[in-house]
Amino acid sequence: MNRSLCRQAKPTSLRRNKRGISTVIGAVFFFAIAMTLTSFFYEVAQNQILMQQYDAQKVTENVDARLQILSGGGVNITLTNRGPIVASVSRLWVIDKTTNTHRAYTLDTDVHPWTTEVITSTSISGWQAMTENNEYTIKVVTSRGNILEPTPFTAVTGRTVSVTSYPPWVSDGVMAVSTSSSETPVPQISRNDKGDPYDGGKVWLSLKNTGSITFFLTFQTRIVFKNTVTGKAYASRLDKWEIFTWTGTRWDMVSSGVISWDKASRAVYPGNVFVVEFETPQEAPGHASNIPSGTYWVYLRLEGFDDNGKSYFQEVYYGTLTF
Amino acid sequence: MMKRLLGDRRGVSPIVADLMLLVITVAAFSLMYGTSNQWISLQRTNQMQTITERLVIEDAWFRSATPKYVNITMTNIGRIDLEVKYVQINGISCTVLNSSDGSGVFPEVEIQETKYMNVYLDWATGQDYTITVTTDRGNSFESVFVSPS
């Protein structure tokens, strides 16, 4: 009796077990598929995050370059890292616009945050001297792919050219110096320090809000006189700002003012052009008590920051003047 | 004895059927899993490679030779090697004259490598030209350059 019971019980338990196996196998397969899908999305998402961080680093990079043109067509490049991460400068492009010649020089210079590195053209392999009075553009390329490019300049020994990483709302293409063509070239910036108009034309620095949001600009202006003999520099404040808007047919001035304090602030709406006019320095060499007469390199400078704290400045060499 | 054997044989066919069903199920799922896994891994590889591509067009030199062409210099700043598939200037596809990789071929650019290519363009003076470089993975990189006046 017991034996027959055992015989009958065996196949039943086997069959019961087999029925459960397919469910388990099915579950394992579905689990495997689910894991594969999850890992797919996870890996893609991880990679996306990594590349977003990579792109964010590129945006964070903030290197300014300043070039000083030396005699014999050489150049001194001063790189200042104003960002929080190390920037590696990989290439310098020198473009002679007069002869339409492009030259690239490979660099390998790391600039640590808030430090300055100076590169001299004599240390650049294969450096070709710049031609005096030819028009040039230079580009400084970092390993993250940022390209700093100033407005074109004329190669004049002693001239300083600044390359600034502009905020995204500034079109560096609009940044330019214009002199009034109806007036003669400026023999001197100012005859005295009493606010009398000088003998030549006005000079403007301009920038345009090319973004879609309004920014609030805090700025100051400077005229810098650098003595050609002693190298000593003197700075003086300049005076006027204007904002223009495009009506579709012409630029209309919407507001203007005098820079009476060290810094001024103004909202610049999308599409507006912000202009700073340089006309009357408060102090001029030979007339101010602390600036002696002599021959000076004259630079015009606009500097400031927006409401996000993004700073910029532009400096333009004006000419050599004797006071 | 004979009776017992016959009794045992009667239970074989359900077991065989169960086993066959099990084998078929396992085979079907294995096939399905293998195929889907392969497809997913291919998609993952493609997508991850596409995500990690970065290219910067450093310079465009508008040359006045006959015929006119543009010398484009670019650097791979991404995390993967890439291959230039075609170049468009102001929306028009350009033929390559030569490149770092030889005559008539678009270059392959390795990580951190800089390469050039010359493409035919009958450019006009003082014009804006939007240069779009497209890779074989379908990414496009764009820059605007102004021809000399």
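1. Basis of the model. This is a predicted model, in which local features need pLDDT of at least 70 and side-chain atom pairs count only at pLDDT 80 or more, while totals for chains, interfaces and linings use all residues. Residues are numbered from 1 along each chain as its sequence is written, and chains are lettered from A and ligands numbered from 1 in the order in which they are written.

2. Confidence in chain A. The predictor's confidence in each residue is given as pLDDT, from 0 to 100; for chain A its mean is 70, and 62% of the residues reach 70 or more. Over residues 165-202 of chain A the pLDDT stays under 50, and the model has 80 contacts beyond four places in sequence for that stretch, a contact being two residues whose C-beta atoms, placed from the backbone, lie within 7 Å.

3. The contact between the chains. Chain B gives 25 residues to the contact and chain A gives 28. On the side of chain B, two or more residues come from each of helix 2 (12-51), strand 1 (55-63) and strand 2 (69-76), where helices (H or I, at least four residues) and strands (E, at least two) are DSSP runs numbered from the N terminus. Helix 2 of chain B supplies the largest share of that side, 14 residues.

4. The sheet in chain B. Five strands of chain B form an open, antiparallel sheet in the order 1-2-8-5-6, two strands being paired if DSSP finds at least two bridges between them. Strand 1 and strand 6 (102-103) of chain B each have a single partner strand and stand at the edges, so one side of each has no neighbour in the sheet. Strand 5 (residues 96-99) and strand 8 of chain B run antiparallel and are joined by three bridges.

5. B:N118. This residue lies in strand 8 (residues 114-120) of chain B, where B:N98 stands opposite B:N118. Leaving aside residues up to four places away in sequence, B:N118 touches B:Y69, B:N71, B:L97, B:N98 and B:S99. B:N118 counts as partly exposed because it has 18 C-beta neighbours inside 10 Å; the cut-offs are 20 or more other C-beta atoms within 10 Å for buried, 12 or fewer for exposed, and partly exposed in between, with C-beta atoms placed from the backbone.

6. A:A235. In chain A, A:A235 belongs to strand 13 (residues 233-236) and is partly exposed, with 14 other C-beta atoms within 10 Å. Not counting residues up to four places away in sequence, A:A235 touches A:R222 and A:V224.
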